[in-house]
2 protein chains.
Amino acid sequence: MSRLDSVIRRLQAQRSCLDDAAGRIAGLPGIVLELGLGNGRTYDHLRERLPEREIYVFERRVAAHPDCIPPDDRLILGDVRETLPAALDRFRGQVTLVHADVGTGDVETNRTIAAAISAVIGDFLAPGGYLVCDQQISFPGAETVPLPDGVAPGRYIYLRKPSA
Amino acid sequence: MSRLDSVIRRLQAQRSCLDDAAGRIAGLPGIVLELGLGNGRTYDHLRERLPEREIYVFERRVAAHPDCIPPDDRLILGDVRETLPAALDRFRGQVTLVHADVGTGDVETNRTIAAAISAVIGDFLAPGGYLVCDQQISFPGAETVPLPDGVAPGRYIYLRKPSA
């Protein structure tokens, strides 16, 4: 499999998971968190699929396409290992969907980011809320959600917080 | 269509055109030119699909994944508007496939690059050779090749030099 094949497969898997989650949260009130804006593609996808939702974005430093930058009041700038815990009181229990795309080129950095998110993200989620992620993130009591058809096992983490 | 949808469609179209061209040149001797290495994905794809072919890469400044950098003797560094005409005597009539992925963020730069390639690329091609490109490139006598299924009209330029 070439790197071209690989990136196509990765992006299709990402879209499949996001579309699946967007369907599952229909009827469940709450906001969406995007951890890592990157080039803004998945933010653009989420706001297109979920036009009625408030989407808050955590990003260290914005480098996205100008069309894909969230409004100032929905953008939390800084290192997610610090900004996410700091935002817990604001968003606790209000989040129906978290998408985290926070992988960097550095394994140790990825590990500390995944640990920081894992430590608090369960408290952000509303009962029945979902997490879609490309890193090894989890939270206490998380249920595993079956990956959509065509997504290779292990490629994405797809979790649900049990309903109350 | 979101930017995530759009990039998936663009990469699938690119792969479809390259795979189609790789099939069409089977049995036709000659080398391959990759104009623009970028992150190296299409170079990786071409060398995987065409393991027996010599692939020469023209690139201004290498910024590809370390696994996707061609050997020194198949890498021509510099501005393609200068390096390509300078390489004509070396490669004249020996090329069965050119893949050009040379779009930059600047429309005027793209126009001058496309013009520079168009001025000489036909002389590189062997009779019956192919050009796949994301920019408005052409050459005298070029025949239009039907785009593969699923590739939107206009998304890629796909040309053939008539057989002698």
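What follows is a conversation about reading the helices, contacts and chain pairing in a predicted model.

Reader: Before I start, how should I read the labels, and which cut-offs apply to the model?

Author: Residues are numbered from 1 along each chain as its sequence is written, while chains are lettered from A and ligands numbered from 1 in the order in which they are written. The model is predicted, so local features need pLDDT of at least 70 and side-chain atom pairs count only at pLDDT 80 or more, whereas totals for chains, interfaces and linings use all residues.

Reader: How are chain A and chain B related?

Author: Start with superposition, which is done by least squares on the C-alpha atoms of residues with pLDDT of at least 70 in both copies. Here, a rotation of 180° with 0.0 Å of shift along its axis puts chain A on chain B, with an RMSD of 0.0 Å. That is the relation of a two-fold axis. The same surface serves both copies, as 100% of the contact residues of chain A recur in chain B.

Reader: Which residue of chain A comes closest to the rotation axis?

Author: That's Ile8(A), with its C-alpha at 3.1 Å.

Reader: How many residues of chain A are in contact with chain B?

Author: First, what a contact is: two residues are in contact if their C-beta atoms, placed from the backbone, lie within 7 Å. By that rule, 16 residues of chain A are in contact with 16 residues of chain B. On the chain A side, α1 and α2 each supply at least two residues, and the largest share, seven residues, comes from α1(A).

Reader: How do I read the way two helices cross?

Author: Angles under 35 degrees count as roughly parallel, over 145 as roughly antiparallel, 65 to 115 as roughly perpendicular and the rest as oblique. Take α1(A) and α1(B): their axes come within 10 Å and cross at roughly 150°. The two helices are therefore roughly antiparallel to each other.

Reader: Is the crossing of α1(A) and α1(B) left-handed or right-handed?

Author: Left-handed. The rule is that a crossing is left-handed if the near helix is turned anticlockwise from the far one by less than a right angle, and right-handed if clockwise.

Reader: Which residues meet there?

Author: Leu4(A), Val7(A), Ile8(A), Leu11(A), Gln12(A) and Arg15(A) meet Leu4(B), Val7(B), Ile8(B), Leu11(B), Gln12(B) and Arg15(B). As for spacing, an α-helix has 3.6 residues a turn, so residues three or four places apart point the same way.

Reader: Which residues of α2(A) are buried?

Author: A residue is buried if 20 or more other C-beta atoms lie within 10 Å of its own, exposed if 12 or fewer, and partly exposed in between, with C-beta atoms placed from the backbone. In α2(A), the buried ones are Arg41(A), Thr42(A), Tyr43(A), Asp44(A), His45(A) and Leu46(A). They pack against α1, β1 (31-35), β2 (55-59) and β4 (95-100) of chain A together with α1 of chain B.

Reader: Can you walk me through single residues?

Author: Val95(B) sits in strand β4 of chain B and is buried, with 21 other C-beta atoms within 10 Å. Leu88(A), in helix α4 (residues 88-91) of chain A, is partly exposed, with 13 other C-beta atoms within 10 Å. Leaving aside neighbours within four places in sequence, Leu88(A) is in contact with Val120(A), Asp123(A) and Phe124(A).

Technical notes: Helices (H or I, at least four residues) and strands (E, at least two) are DSSP runs, numbered from the N terminus. Axes are lines fitted to C-alpha atoms, for helices over the stretch in contact, and angles run from 0 to 180 degrees between N-to-C directions.
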